[in-house]
Structure formats: C-alpha cells, structure tokens
Amino acid sequence: MSAIFVRKEATVPTTLYLLRHAKSSWADPELQDHDRPLQKKGQRRAGKLRAWLEDRGLGCDLVLCSTAVRTKETLAIVLPALGDPRVRHLPGIYGMDADRLIAMLRRLGDDIERIMVVGHDPTLQQTASTLAMTSNGDAMDRLKSRYPTSALAMLTFSEAGWGALTPGLGHLEFFFVPPDP
C-alpha cells in the first residue's frame with residue numbers, strides 16, 4: 001500500500017519594507033536637495049542597519065529606490081544584506097506622496113513577495129501609518145511619533161497581493177531605528 005502525500009505550499013505574507021535614507025550632509029550649500037550625499041554619521045548608521053538585517057536574515061525580492069544621491073548611497077550600504085533583489089531607481093519616488101506610493105505598489109505583480117522602498121519622509125511615515133492597522137509592541141506609537149533617518153518599518157499583509165493594498169490592511173511587524181554611532 002502506498003500513500004500519496006501532497007505538500008501544501010506555505011503561504012508567505014506580502015511584505016513591505018520602508019527604509020528612510022540615512023543622514024545626509026548639508027555641508028555644500030550649493031547642492032540641490034536631490035544631490036546631497038550622506039554624511040559620515042549616516043554612513044555609520046546605515047552600516048549598523050545592514051548588520052541588523054544580516055543578523056535577522058531579512059531580504060527582499062525587489063528594491064524601489066529614489067534617485068536622490070542619499071537614497072542611492074544608503075541602498076549601496078544595506079544592499080549586501082538583502083540577498084539578490086532586483087533594483088529599480090525611480091525618479092518619481094523623490095517627492096511622491098503616500099497615496100501615489102501606495103497606488104504604485106498596487107500596480108506591482110503579485111509574484112513579488114517582499115519589496116523594499118528606499119525613500120524620504122514624510123512619505124514613508126504616512127505610507128506606513130496609512131497601511132498598518134495593527135502592530136507589535138509600541139512600534140506604531142514610535143513610528144507615528146517620528147520616522148528618523150535610517151529607520152526601517154516592516155509591514156505584512158497576510159495573503160493579500162499588492163493589488164489588494166488598502167488602508168488598514170497591514171500589520172507593522174517592527175519599526176527599527178539603528179542606534180547612533
């Protein structure tokens with residue numbers, strides 16, 4: 001007698017990481033805001049974030065990154081901890097509001113499980129606050145209070161795909177802010 005075992009695929013929740021760029025420099029007053037690089041403190045905090053991500057094995061499948069210099073430099077520091085994601089630099093993320101960011105995410109294919117957006121405040125704070133209904137511990141209170149540079153929020157959406165994103169659908173798993181160097 002033989003038995004046939006059917007293995008049910010584990011469902012992986014749709015996961016959204018929202019990473020605010022690291023601390024940027026204001027040393028050159030001639031630079032446009034879009035062109036400001038990271039300062040040394042920002043580089044060190046982004047390095048702490050990378051180590052934290054590596055320790056937890058948190059990766060993603062796709063990174064959507066603003067074209068601002070400080071976001072690209074932040075991504076370059078944390079990218080080795082993210083596995084081997086596809087990376088898209090999108091100029092529209094710079095200056096995009098939360099509604100437009102959510103609309104952009106809705107248009108992504110549901111074959112992508114984990115996405116990281118590397119962008120700017122207040123858009124990331126507003127996006128996380130709009131999408132998350134529940135949270136672990138005090139993560140929501142801290143996120144709503146302040147979204148500092150190098151902060152990373154992780155939201156999950158059960159089995160809902162990107163096209164189903166609606167306000168209050170998500171759960172804020174964590175809100176991590178690397179310690180100052």
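Reader: Okay, from my notes: buried means under 20% relative accessible area, exposed means over 50%, and partly exposed is in between (1.4 Å probe, protein chains only). So is Thr-71 buried or exposed?

Author: Thr-71 is buried, and its relative accessible area is 0%. Bear in mind that this is a predicted model, where local features need pLDDT of at least 70 and side-chain atom pairs count only at pLDDT 80 or more, while totals for chains, interfaces and linings use all residues. Residues are numbered from 1 along each chain as its sequence is written, and side-chain values use heavy atoms, with hydrogens and water left out.

Reader: Where does Thr-71 sit, and what does Thr-71 touch?

Author: You'll find Thr-71 in helix H2, residues 69-78. Leaving aside residues up to four places away in sequence, Thr-71 touches His-21, Cys-65, Ser-66, Val-118, Gly-119 and His-120. Touching here is a contact, meaning heavy atoms within 4.5 Å.

Reader: Zooming out, how many helices and strands are there?

Author: There are 5 helices and 7 strands. Both are DSSP runs numbered from the N terminus: helices are H or I with at least four residues, strands are E with at least two. Along the sequence the pattern reads β-α-β-α-β-α-β-α-β-α-β-β. The radius of gyration is 17 Å, close to the 16 Å that the globule rule gives for 181 residues, so the protein is as compact as a globular protein of that length. That radius is taken over C-alpha atoms, and the rule is 2.2 Å times the number of residues to the power 0.38.

Reader: What box do the C-alpha atoms fill?

Author: Roughly 75 × 30 × 30 Å, taken along the principal axes.

Reader: And how much of the protein is buried?

Author: 47% of the 181 residues count as buried. As for contacts between residues at least 6 apart in sequence, 76% of them join residues at least 24 apart.

Reader: New topic: how many aromatic pairs are there?

Author: A search of the whole structure turns up 4 of them. One is Trp-52 with Phe-174, edge-to-face at 5.0 Å centre to centre, with 75° between the planes. Rings of Phe, Tyr and Trp (its six-membered ring) pair if their centres lie within 6.5 Å; planes under 30 degrees apart are stacked, over 60 edge-to-face, and the rest tilted.

Reader: Why does that pair tie together parts so far along the sequence?

Author: Because Trp-52 is in helix H1 (residues 40-56) and Phe-174 is in strand S7 (residues 170-176), the pair ties together parts 122 residues apart in sequence. Trp-52 and Phe-174 are both buried. Trp-52, Phe-174 and Phe-176 also form one aromatic cluster.

Reader: What about Tyr-147 and Phe-175?

Author: Their ring centres are 4.9 Å apart and their planes are at 70°, so that pair is edge-to-face. Tyr-147 is in the loop between helix H5 (139-145) and strand S6 (152-156), whereas Phe-175 is in strand S7, 28 residues apart. Tyr-147 is buried, as is Phe-175.

Reader: Which residues does the cis peptide bond join?

Author: Asp-121 and Pro-122, with omega about 15°. Pro-122 is in the loop between strand S4 (114-119) and helix H4 (123-131).

Reader: Last one: what is the phi of Ser-150?

Author: Positive, about 70°, although Ser-150 is not a glycine. Ser-150 lies in the loop between H5 and S6, and Ser-150 is buried at 1% relative accessible area.
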